[in-house]
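Thanks for coming, everyone. Let me put the structure up, and then I'll walk you through a few parts of it.

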Amino acid sequence: MLLFALRRAGLACAIIFCAIALLFGMIYLVPGDPASVALGPLATPEIKAAFRVRMGLDRPVIMQFLIFLGHVFTGDLGIDLFSNRRVTEIVFEAMPYTVALTACGIGWAIGLGIPLGCWSAIRRNTWLDRITGVLAVAAIAVPSFVVALYALLLFAVELNWFPAIGAGTRGDLGDQLAHLVLPSFAIGLGWVGYLARLVRASMLEVLGENHIRTARAYGLPERRIVFRYALRLAVLPTVALLGVGIGHLLSGAVFAEIVFARPGAGKLVFDAVVTRNFPVVSGAVLVTTALFTLCTLAADLLIAWLDPRVRADL
Amino acid sequence: MHRLHLTRRDFIGGSTGLWVAAALAPRAAQAQGTSVLRVRSYSDIQDFDPAFSKAAPDGDVARCVFRQLITYKSSASWEWRLDAAEKIDQVDPKTVAFTLKPGIKWTNGFGEMTAEDVKFSFERVADPAVKSPYKGDWATLDHVEVTGPLSGVIHLKEPFAPLWLSTLPWTAGTILCKKAMEASGNRFTTSPPAMCGAYLLKEWRPKQETVLVRNPDYNGPRPAYDEIRIHPIEDEKTAEIGFGAKELDFTGTSVSSLPKLMKDPPAGSKVEVHPSLAYVWLGMNVDVPPFNDIRLRKAVQKAVDVEAILQAAYFGAADRATGIIAPGLLGHRDIKAPPRDLAGAKKLMAEAGKSGGGVKATLAILNKTERLTAAQVIQANFAEFGIEVQIDAHDSGTFWSLGDQSKGDQWKQLHMILQRYTMAPDPSWAVAWFLPSQIGIWNWERWNSTEFDQLNTKALVETDTKKRGEMYVRMQDLMEESGAYVFLTHEVAGVMYRDTVAPALMPDGRVILPGFAPKA
């Protein structure tokens, strides 16, 4: 198990390095001048040149990349070209909002998707199963921004149940949670559908296994059979999918952050790319990539822990 | 005694109810305890050091936490009123004498505002070593003479006409505390070392909100709100939804929503349209084919259906421009724009030997919805008289360096540009980008007019308003005669606010936050 964890951790480091190198190359291939964007039209060419020297933008790209990597090892992600604030500070200010949003999106998916899938499997081929199937496919098919807009119009503007914009008042957990409901629902709804379909299929497969038939023959209660023996196995593919899903939700968070005017890493990266704010792009992508690889690593380890067969293969 | 019969369902339901009540309680308490104004700004604050201010939201906050000798009135026309100055007089075209109001206190124990602070602030912006982008606002400043603790004289090398309209009441006229700045390394971005305005910066949560609270030591009229919360919301539609959800008291609106909002404003709110200072035009690069031929440029001027652009891209809410200086400003060209003349355009094309068509041109735009729509109308217009237009939409990072000659030869690929600039309310701001010295910097049309340049120099020092206005009109005539420009619109600025709020706005709809008050 330890060897497995170490091997996966090494792979995660390689993924992070490749992602950063790729991104660094890509943002420099796109034309654009951060000095023009940062200083505005009033800046003279001399002021712009001084800015480029101060920010190290006059150096070769490879040098900038190596300097960035060198700083990363000391925990320094550089300085924001616009506000002169430390990128580490900016990224770690934004990150909790995205993590909370993603976690709540996953929460919707787990909280609704797994029970729905389970329920469909138990009541296979009934009208409830069919309705659940239609709803699940609809949830997958409807784009998240459509969900976001209708959720906003219905629950925020018309009914006034939930707040529409921002991330809530600092120190007021209730307010912050209320601000999370609609954006997390918008990004999580599609995953409710995915999980419902996946869990249903897995459950149907597991419920047909010999050990389940044996359990029924021994007269164990159906509830125990479903939740203790069947669901535990059926949920394994879900855990693997969620590991990848977190990555999708992290990147999908950007639209929710724009539509709901929330702070977050997605919007931070988006704004930084548009303005060619290279240190912020590199810093934020480094942290989100690290987070994503950590999540997939955690998912792999969780699967190994849940399924003795996987452990045995290590 | 009754036995408490609590099922698991009762327990979960009850605790959920309590949790929700507890979650909502702090918000209710806050709403009752303090008067809060919630406004939207189109971007977050980045740097409100007046020497390096980045965008309008920086200026909006600076206007709350600092003071100026004079500041803009909330009015339909561009007028100023005294702010930190008790008295200010133009002694002669090159001399302005001022006296500060006594008792303006800096925070953090930096004492009273003095004329030394004024001298420090103005000379700092003008100092070439500081490298302020706003240096030009003090282009003719010689020095500020301190004649007493609260009095001083601004000495100019040359008369400077924009002084009263776009220097003293604008960013470069903001007064900082000399002692505090010197103690903090002569630079700040979002944490000013000392403040003195009607409100104080209490908290800045990046990308979330800026919280301003009433300054207890402010010696001007008492600000009406205890607290102002500024929410940076870039997307106008999101802001409109936030307003609809009653989470904002004031917001700008999108142009596309204006017709509907004007007709049917949300309950309990008002919608206003203000003339914008922006100017939008179609520019042609005169240094490269095909538009190095003036006949082709003139043909384009005649062929563009400006009214169709305004209908399609601005939903009929914006009026047609006749120049780059908006109505209501000195130097506005008060003429009737000619209608589309397709026959005239075709005739000019024939004269240029292009009647058979086959002319190809690129049109560079910023990737915004209304620009793309306008570009598509232009593309359709041009197809009618034989120019095939390829629309190149760019994000802001790329777009703003397209015409920058220092970036290489990409300017040679620029044929047409759909461009939008905005300005301070002095006409000198509008014309500054079209000077010969700006070729390859911001003059992307690369139009080179000595007469334009000379007029600009004269207009900057001309103190006779009528003569100065005529000079700017002539400068726009020259622009049109060059064929390199098709003036499209000045756009409009829509604002929406609760009917319980009396907003204080500049003529173009920009906020003067200290002047906002609850409606009596």
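Let's start where the two chains meet: 43 residues of chain A are in contact with 41 residues of chain B. Keep in mind that this is a predicted model. On the chain A side, the elements giving two or more residues are α2 (34-39), α3 (45-54), α5 (87-122), α7 (144-158), α8 (173-207), α11 (236-259) and α12 (265-274). Which of them gives the most? That's α8(A), with four residues. If you sort the chain A residues on this side by class, you get 27 nonpolar, nine polar and seven charged.

And how does the predictor score the complex? The ipTM is 0.72 and the pTM is 0.81. For chain B, the pLDDT averages 90, and 94% of the residues score at least 70. There is a stretch to watch, though: over residues 18-32 of chain B the pLDDT is below 50, and beyond near neighbours in sequence that stretch has ten contacts in the model.

α12(A) packs against helix α13 (residues 278-306) of chain A at an angle of about 150 degrees, and their axes are 9 Å apart. That angle makes α12(A) roughly antiparallel to α13(A). The crossing of α12(A) past α13(A) is left-handed. So who touches whom? From α12(A) we have Ala265(A), Leu268(A), Val269(A), Ala272(A) and Val273(A), and they meet Val280(A), Val281(A), Ala284(A), Val285(A) and Thr288(A) in α13(A). By class, this contact has nine nonpolar residues, one polar and no charged ones.

Now over to the sheets in chain B. One of them is an open sheet of four strands, in the order β5-β6-β8-β7, with antiparallel pairing. At the edges stand β5 (85-92) and β7 (141-146) of chain B, each with a single partner strand, so one side of each is left without a neighbour in the sheet. On average, neighbouring strands here are turned by 15 degrees against each other, direction ignored. Inside the sheet, β6 (residues 95-100) and β8 (residues 151-156) of chain B run antiparallel and are joined by five bridges. As an example, look for Thr99(B), which stands opposite Ser151(B) in β8(B). Helix α3 (residues 115-126) of chain B packs on this sheet and touches β6, β7 and β8 of chain B, with its direction at about 165 degrees to that of β7(B).

There's also an open sheet of five strands in chain B, ordered β17-β16-β18-β15-β19, and here the pairing is mixed. The edge strands are β17 (387-394) and β19 (485-489) of chain B; each has a single partner strand, so one side of each is left without a neighbour in the sheet. The twist from one strand to the next averages 25 degrees. Within that sheet, β15 (residues 279-284) and β18 (residues 416-421) of chain B pair in the antiparallel sense over six bridges, and Leu282(B) has Leu418(B) as its bridge partner in β18(B). Helix α11 (residues 369-383) of chain B packs on the sheet, touching β15, β16 (359-366), β17 and β18 of chain B.

Last stop is β20(B). Strand β13 (residues 250-253) of chain B pairs with β20 (residues 492-498) of chain B over four bridges, antiparallel, and Phe250(B) stands opposite Tyr497(B) there. Strand β14 (residues 269-275) of chain B also runs antiparallel to β20(B), joined by seven bridges.

Key:
Residues are numbered from 1 along each chain as its sequence is written. Chains are lettered from A and ligands numbered from 1 in the order in which they are written. This is a predicted model: local features need pLDDT of at least 70, side-chain atom pairs count only at pLDDT 80 or more; totals for chains, interfaces and linings use all residues. Two residues are in contact if their C-beta atoms, placed from the backbone, lie within 7 Å. Ala, Val, Leu, Ile, Met, Phe, Trp, Tyr, Cys and Pro count as nonpolar, Asp, Glu, Lys and Arg as charged, and the others, Gly among them, as polar. Two strands pair if DSSP finds at least two bridges between them. Axes are lines fitted to C-alpha atoms, for helices over the stretch in contact, and angles run from 0 to 180 degrees between N-to-C directions. Angles under 35 degrees count as roughly parallel, over 145 as roughly antiparallel, 65 to 115 as roughly perpendicular and the rest as oblique. A crossing is left-handed if the near helix is turned anticlockwise from the far one by less than a right angle, and right-handed if clockwise. pLDDT is the predictor's confidence in each residue, from 0 to 100.
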